[in-house]
Amino acid sequence: MSRRPNPAVHRLGIRENWPQFSLLVLINACVGGMVGLERTVVPLVATQEFHLTSDTLIFSFIVAFGLVKALSNVASGVLADRFTRKTMLISGWLIGLPVPFMLGWGPSWSWILVANVLLGASQGFTWSMTVAMKNDLVGTRQRGLAMGLNEFAGYGGLGLTAVLTGYIAARTGLRPQPFYVGIVYAIAGLGLSIVAVRDTTGFLRHGTSSSTTPAAISSHAVDPESVKRVMFGVCQAGLVNNLNDGVSWGVLPLLFAAHGLAVNDIGIIKAVYPLTWSLGQLGTGALADRAGRRPLILWGMILQAFALSVIAFGMPSAYFSGVSGAVLLGLGTAMVYPALLATAADISPAATRATTLGWYRFWRDLGYPAGALIAGVVGAVFGLVWAVYLAGLLTFASGVVAAWSLRNTRLQTAEVHDDRHLRHVPRAARHDSGIRAAPSRAPRTDQHPTRMCHHSCASLRSGSTRIRRAWQWLSDR
């Protein structure tokens, strides 16, 4: 008797779910584009149209955006685990719908601040849901790649929009024409989310129910102290990373304008950073699955610190140092971003993954207001260039702390289980739930620190086993 395939079974993987995965990538490009509306134009609107002179007051829009986005990340994660991802995604787009109109036609700076409150809430819901939904669709082995593609789309949309708004502003004025593109993003994102996106909660619920059966319970418990240490490391690194982004957002346009650069030149520099960041994640996301999270986080933070020093040094010219520093800063951020997201997802049980990611993104996005406040205070007292130097110093220290937090990590993720506990679990149920049986060959623990088996004897394997593993690794490729 032939078996009919069960329509309720969900297969995990990018290839298996490529239509929905690709659609979420496109939607996140629109999400990133909404933030890109502000990267070049809004700081210049503050100084040239509303005649603000206080750095702290100018950067207040970043503070408003960052605080609300951080809180919205937590709220959206908790609500998504309770209700559905799609509902939160649509809610985020509805909240952000008025933003381009307020930025383009707001009669006072207060309107810009309110627009950034709405934008922060919208980003907290929409971007968080694209992250959570992609994690629902893929398994552990593709998590870094999935996060790389997600952030590639978001920051690619941000960078292209920064170029486009700078180009439009240089030819038509600062408002309202540069914000027309935001109306297109908001309508397209909302429409696709309502009509085309399918909710991924079914993947999560099926996985949760399967993983709670006696056969699916792993004997390898996750070490709570390791989880706390790793979570601390990724949260502080994420916060400092976005502190850099907040400094780049608010300080660099004013710093370059003070050096006499034109608006379109500033737009190019401001776009090079997120575009490099975006494109780099196509490679670094997959690399995080191969080489492990820790090396990318450490060296990515160090590269960011060096890049900020290059920008602040300003030699041989402000434009040259700005472009070269933006490229290096983008590469460093590309190394860090998907690795941090994947690490946070690695240590989270599937049933509360959105909540855990929401808390990580909460601490990470607090870097926006922290960066803006530090830049405002330090810039007012010592000058804007010293705010950039300080951000570089904090970034270097954060990279060292993150590397320390992930040292000797032996974490068993929620989707990796011992094969002997899965002998009676149907193959389809294993694939659907995200449970992966131990492969017949020895697992490639050297490539993924947060999924290393915590057995101490792993380091004492025989030479013949190592040769066989190396041969199989090459054969797979």
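1. Starting with the cysteines: cysteine 30 has 8% relative accessibility, so it counts as buried (under 20% relative accessible area; exposed is over 50% and partly exposed is in between, with a 1.4 Å probe and protein chains only). Cysteine 235 comes out buried too, at 10%. A search of the whole structure turns up 0 disulfides, taking a disulfide as a pair of cysteine sulfur atoms within 2.5 Å.

2. Some ground rules. This is a predicted model, where local features need pLDDT of at least 70 and side-chain atom pairs count only at pLDDT 80 or more, while totals for chains, interfaces and linings use all residues. Residues are numbered from 1 along each chain as its sequence is written, and side-chain values use heavy atoms, with hydrogens and water left out.

3. On to the largest nonpolar core, which has 112 residues. Such a core is a set of buried Ala, Val, Leu, Ile, Met, Phe, Trp, Tyr and Cys residues joined through side-chain atoms within 4.5 Å. Those touching the most other members include Met34, Trp93, Val251 and Val388. Helix α11 (residues 224-258) gives the most to this core, 14 residues; helices here are DSSP runs (H or I, at least four residues), numbered from the N terminus.

4. Valine 388 deserves a look. Setting aside neighbours within four places in sequence, valine 388 is in contact with Val247, Val251, Leu252, Leu255, Leu308 and Ala312 (contact means heavy atoms within 4.5 Å).

5. Helix α14 (residues 318-346) has 29 residues and should span 42 Å; its end C-alpha atoms are 41 Å apart, which agrees. The expected span is 1.5 Å times one less than the number of residues. Of those 29 residues, 21 are buried.

6. Now the rings: there are 13 aromatic pairs, counting rings of Phe, Tyr and Trp (its six-membered ring) with centres within 6.5 Å, where planes under 30 degrees apart are stacked, over 60 edge-to-face and the rest tilted. Tyrosine 155 and tyrosine 337 pair edge-to-face, at 5.4 Å and 85 degrees. Tyrosine 155 is in helix α8 (residues 143-172) and tyrosine 337 in α14, so the pair ties together parts 182 residues apart in sequence.

7. Phenylalanine 362 is buried at 11%, whereas tryptophan 363 is partly exposed at 39%.

Note on methods:
Helix = DSSP H or I, 4+ residues; strand = E, 2+ residues; numbered from the N terminus.
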